[in-house]
Amino acid sequence: MDRIRLVGGNELKGEIPISGAKNAALPLMISSILTHEPLVLQNVPRLADVKQLERILENHGVDIAVHGRRRGEDEGVGQRMTFHAQDIVDTTAPYELVSKMRASFWVIGPLLAREHNARVSLPGGCAIGTRPVDFFLYGLKQLGAEIDIDEGYVVAKAPKGGLIGGHVILPKVSVGATHTIMMAATLARGTTIIENAAMEPEITNVAECLIAMGAKISGLGTHRLVIEGVSSLHGTTHEVLPDRIETGTYAMATAMAGGDVLLRGGRAEHLQAALDTLANCGVHISQEASGIRVRRNGNGIQPVDIETDPFPGFPTDLQAQFMALMTTSSGVSHIRETIFENRYMHVAELARFGADIKVEGQLATVTGVPALKGAQVMATDLRASVSLVIAGLAARGETVVNRIYHLDRGFERLEEKLGRCGAEIERLAG
Ligand code: EPZ
């Protein structure tokens, strides 16, 4: 299993190109099931999760092609890929494939909308909480689906003639349930209203793609989405938006290590809460034409309290990275995780660097220490893994992060991007 070795102490200086967002690319790929015409996606990141979803889509009969880089395009540009679901050959998404990644469960929406039936294994994914699927099942039932659970599979059937528009009030904001019900509703007969919908920029990116495919959706960027069903969708070309979590991660890395980095392609409006927090910590943030510049020269990091929240709040996907930053702040900070009940697995690993963190329920209290010391640590989930890299960038001496396959699920060429900015970091194979 690959590991990452790094030696802390170098400031970061230069430019980091931000890749396409994993959490938009995955549902965009899944929307290709909704049409028999080709969907071309640009700026698709090169990630293990994208590869895994390719396998799942291919199993349903989607033809996938990766196009070469165009002349003049640099390596920072993501892949251009075509997804062509001319015929759906199988409406079952098997356990062996779905258990590896929770988002693959979302195929249930488009399969049900187009083929009127679906049999999808209950999902797996990062072990950050119980992560049930009750909102999905409730939402699909509101669209007329009949649902049974059979041997670990959700078996869903649409009424004769297909799904019917319905009123869905989500009990809690859910990104996955919003994506899935929105995709399903595009081909339902009549109008669907989703109340308390997630407003994450990735939802809007997917809604824009669906609209370009012929869907009728209004209320983009709000908690109330209105979808008027149409009889069919067609192909289009659509660009995956820049990854706000990758952007925030490198912003925190720069804050931690010190230096001056331009996050090329990053869009401040997609992570304002996190950038404002960094500014309160004493980090200089400025939006430039080509991206976000992050600077910390000499001054220390101030402690700041945060609570994770759905967009536009502070993202849970940046909580672990922010905690790493707080370990060397000049005082005590409090972090409250409100989205997932088990998203503190990095705490024990950060302690191996000498961090002082106490957890009581959903509240973590981080008392800054003057310096961290490099350590052998273990990646436990995607965002937790990168928090260990961030800690290692500022720690004295050598750090080795084991089990980095978690990192490869969501960060493209991480060691190369950080290495080019002056970090001493390498991947150790095997
Ligand atoms: C998405 O997960 C993201 N994944 C996650 O990113 C992210 O952490 C999360 O949204 C929150 O922002 C992708 O976009 C692929 P939710 P999702 O449904 O959709 C509860 C990463 O690191 N819930 O918004 O699975 C749930 O348990 C990943 O890139 C139910 O109770 O999250 C949680 O407490 C990890 N029942 C809350 O809602 C349901 O049926 C929000 O989860 C569905 C969700």
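The following legends describe close-up views of a predicted model.

Local features require a pLDDT of at least 70 and side-chain atom pairs a pLDDT of 80 or more, while totals for chains, interfaces and linings use all residues. Residues are numbered from 1 along each chain as its sequence is written, and side-chain values use heavy atoms, with hydrogens and water left out.

**View 1. The largest nonpolar core.** This core has 76 residues; a nonpolar core is a set of buried Ala, Val, Leu, Ile, Met, Phe, Trp, Tyr and Cys residues joined through side-chain atoms within 4.5 Å, and buried means under 20% relative accessible area with a 1.4 Å probe, protein chains only. Among the residues with the most contacts inside the core are Leu-57, Phe-105 and Val-107. Leaving aside neighbours within four places in sequence, Val-107 is in contact (heavy atoms within 4.5 Å) with residues including Ile-30, His-60 and Val-120.

**View 2. A second, separate core.** This core of 65 residues includes Ala-257, Ala-268, Leu-372 and Phe-411.

**View 3. Surroundings of the ligand.** The ligand is surrounded by 24 residues (a heavy atom within 4 Å), and the closest are Asp-134, Ser-174, Asp-317, Ile-339 and Arg-383. An oxygen atom of the ligand is 2.6 Å from an N or O atom in the side chain of Asp-317, and one is 2.8 Å from a polar backbone atom of Phe-135.

**View 4. Two cysteines.** Cys-281 is buried at 0% relative accessibility, and Cys-421 is buried with a relative accessible area of 2%. The structure holds zero disulfides (pairs of cysteine sulfur atoms within 2.5 Å).

How values were computed: Buried means under 20% relative accessible area, exposed over 50%, partly exposed in between (1.4 Å probe, protein chains only). A polar contact is a pair of N or O atoms within 3.5 Å; within protein, one must be able to donate a hydrogen and the other to accept it, and residues adjacent in sequence count only if both atoms are side-chain atoms.
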